[in-house]
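We will go from stop to stop together.

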Amino acid sequence: MNLLLFSIICSVSVGILFKIKKFELNSFIWVLFCGYFTCFVLGYVLFEQPIELKNFAGLNIFFAFILSFVMPSLFIVLRNSIQQNGIAKTDLVQRMSLMLPIVASFFLFGEQFTWQKLIALIVGFLSILLIMHKKSSSNILPKDIYSLLYIFIGYGFVDIIFKNFAGIVFQNILMIVFIGCMISTLLYISFKKIPFHKSFLLYGIILGGLNFLNIYTYLLAHRSLSESPTIVFTVMNLGVISLGMLIGYFFFKEKINKINIVGLLSAVISILLLANNL
């Protein structure tokens, strides 16, 4: 659970960075590139496992290649969706993507079903809806549904692949993913001929450091709780939205209502029920 807590803190810290500093799209791409370069450098320095081609297997290389494009594009689509659909709708869809890895836990990863887990998951999903509840009169336009659908499928897919990586020598695969993300963002930068500014490097280093620690501790949590992936998936998501709501309220003066508070309490109950399965 300590690994999950650290991963949650790093994930929320990325959100705080985006809250404090709002990037234009061109600036954002450079920050992403510098961030993935930082991830690669940290991995090269900290990973004890040597990078050897013999450690790479077919499907995992394929998944690493897919992630090289999916991960940067998710950041971009997420940013655009927040502008088009608002933070509440975008965050809700992102967190509801939890359904995909939960289903995969039982059908792909062989997790044992228990009624206590089912109750915890129902309470968990209910808490997401309650925490994300905002009074809004805006509707989602048909053209905006595609970005929300991509966020839903994309984040669910990434969670499933990371769980799969946790069962192997994932340090090697992560290095390939970071290199791939650097290449895909650099291709976009070259195509658009986006100029570089030294401030991008600073923000990229901060983003990359937080992102690296988030991913690394998340994978270690999956490895230590290999028999119960639903606990990792659910606690991670509930922890991020709960901590994010509290930080938003206390530090950014964001409004919360009674329904949000009920959702926060429901999230705590869900986490306690899941923790009791350990």
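Between which helices does the loop with Lys 193 lie? Select Lys 193 and you will find the loop between α8 (170-192) and α9 (198-224). Helices here are DSSP runs (H or I, at least four residues), numbered from the N terminus.

Before moving on, a word on the model: it is predicted, local features need pLDDT of at least 70, side-chain atom pairs count only at pLDDT 80 or more, and totals for chains, interfaces and linings use all residues. Residues are numbered from 1 along each chain as its sequence is written, and side-chain values use heavy atoms, with hydrogens and water left out.

Most residues other than glycine have a negative phi. Lys 193 counts as exposed, at 72% relative accessibility. (Exposed means over 50% relative accessible area, buried under 20%, partly exposed in between, with a 1.4 Å probe and protein chains only.)

Now select Lys 253, in the loop between α10 and α11 (258-275). Here too phi is positive, near 55°, and the residue is exposed at 65% relative accessibility.

**Helix α10**

Step back to α10 (residues 229-251), which Lys 253 follows. Try the distance tool on its end C-alpha atoms: they are 32 Å apart, in agreement with the 33 Å that 23 residues should span at 1.5 Å a residue. The expected span is 1.5 Å times one less than the number of residues. Of those 23 residues, 17 are buried, so α10 is largely enclosed by the rest of the structure.

**The surface patch**

Show the surface and select Ile 20, Leu 246, Tyr 249, Phe 250, Phe 251 and Phe 252: they form a nonpolar patch with about 650 Å² of accessible area together. Areas come from the Shrake-Rupley method with a 1.4 Å probe, and only the protein chains shown count as cover for residues. Helix α10 gives the largest share, four residues. Ile 20 comes from helix α1 (residues 2-20) and is exposed, with a relative accessible area of 62%.

**The core**

Finally, hide the surface and select Met 71, Phe 162 and Phe 165, which touch the most other members of the 75-residue largest nonpolar core. Helix α10 gives the most to this core, with 10 residues. Zoom in on Phe 162: leaving aside neighbours within four places in sequence, it is in contact (heavy atoms within 4.5 Å) with Leu 67, Met 71, Leu 174, Ile 215, Tyr 218 and Leu 219.

Conventions:
Patch = residues over 30% accessible without salt bridge, like charges linked within 9 Å, V, L, I, M, F, W, Y side chains within 5 Å. Salt bridge = Lys/Arg side-chain N within 4 Å of Asp/Glu carboxyl O. Helix = DSSP H or I, 4+ residues; strand = E, 2+ residues; numbered from the N terminus. Core = buried A, V, L, I, M, F, W, Y, C linked by side-chain atoms within 4.5 Å.
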